[in-house]
Amino acid sequence: MHGPHRLTCEEVFVRLDDFLDRELSAEEIRLVEEHIETCAACASEHRFERQVVDSVRAKLQRIEIPAALRAGILARLASAGEEGQAS
Amino acid sequence: MIPTELVGMAATDLDSLLLPLLNGAFGTAMHLTRNRADAEDLVQESALLACRGFKTFEQGTNFKAWFFRILTNCFYSKYRKKKREGTQLELEDSPELYMYCQTAAAGLHARTEDPAAVVMAKMDSEQVGGAIDALPEEYRVVATLYFLQDFSYQEIAEVLDVPVGTVRSRLHRGRRMLQKALWSVAVERGIIGELSPQTEDEA
């Protein structure tokens, strides 16, 4: 009799990138999460990789468009609307 | 001359769709061009192209992907440098779990439960941005769209007009290369030395 399918550490490792990006099927995500809940080593690797991705994203998304550039684009969009109404 | 179908209401629609994306567009342009003046020109020109081409945008579809496709196409056609600049990372030297292994070897896993958080907390936005900018172009473009815009593989594929498998491959490799760059920065700036000083027994 076959037991429920469970992933090995190697199988989780090869899926780690796609798991980080939520690009696995729902069933594969469930299987990876199930493994991580019980395997300290894989959980440690996942937590580390997730933290790096989240930290990079947070630090890169702080940049703001220069006020003058934003104002220039706004003016161009407003001008486009006025030109259309005048024609 | 603006087409009559862009009168009033259509321009307002573009405003509401485009303006929330400008910060992200500028950040993306900065990492694509690696030059502030070019980045400003790229965003300006992309916004103008979006305005002119707005009648071709199908309402209800993914405006963000539509606009960033304009931006990246504009980058490729006008702003990408033919001559490679900056540090080029070697893919062969970027194994999987690079930072994980390096921080373990430095003894950080024994000192903290969250070594990644501890290291990354000491890196500023400029350092992280510099690591992105060190990636070769094909990896830098995908990584920028992924990290700054939270695009999915499919959305990045639509923006770049490449297969999803290509996006996946470039992103995974790009992340490994990025980890090598981040580690290099962390070592050069003394972050690792500060976090893992030698004890008297180790010295």
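Residues are numbered from 1 along each chain as written, and chains are lettered from A and ligands numbered from 1 in the order in which they are written. In this predicted model, local features need pLDDT of at least 70, side-chain atom pairs count only at pLDDT 80 or more, totals for chains, interfaces and linings use all residues, and side-chain values use heavy atoms, with hydrogens and water left out.

**View 1. The helices of chain A.** Chain A has four helices and zero strands; helices (H or I, at least four residues) and strands (E, at least two) are DSSP runs, numbered from the N terminus. Of its 87 residues, 43% are buried, meaning under 20% relative accessible area with a 1.4 Å probe and protein chains only. Among contacts in chain A with a separation of 6 or more, 50% join residues 24 or more positions apart; a contact means heavy atoms within 4.5 Å.

**View 2. The helices of chain B.** Chain B has 12 helices and zero strands. Buried residues make up 49% of the 203 in chain B. Of the contacts in chain B with a separation of 6 or more, 73% are between residues 24 or more positions apart.

**View 3. The largest pocket.** A pocket is an open set of points on a 1 Å grid over the protein atoms alone, where a 1.4 Å probe fits, with protein on both sides within 12 Å along at least five of seven lines. The largest pocket holds about 240 Å³ of space, a volume being the space filled by probe spheres set on the points, which are joined across faces, edges and corners. Its lining counts 18 residues, each with an atom within 4 Å of a point. Nearest the centre are Asp17(A), Glu49(A), Glu96(B), Leu97(B) and Arg176(B).

**View 4. The helices around the largest pocket.** Helix H1 (9–20) and helix H3 (40–60) of chain A, and helix H11 (164–188) of chain B, each give at least two residues to the lining. H11(B) supplies the largest share, seven residues.

View 5. Where pLDDT is low, the predicted coordinates should not be read in detail.

Conventions:
Buried means under 20% relative accessible area, exposed over 50%, partly exposed in between (1.4 Å probe, protein chains only).
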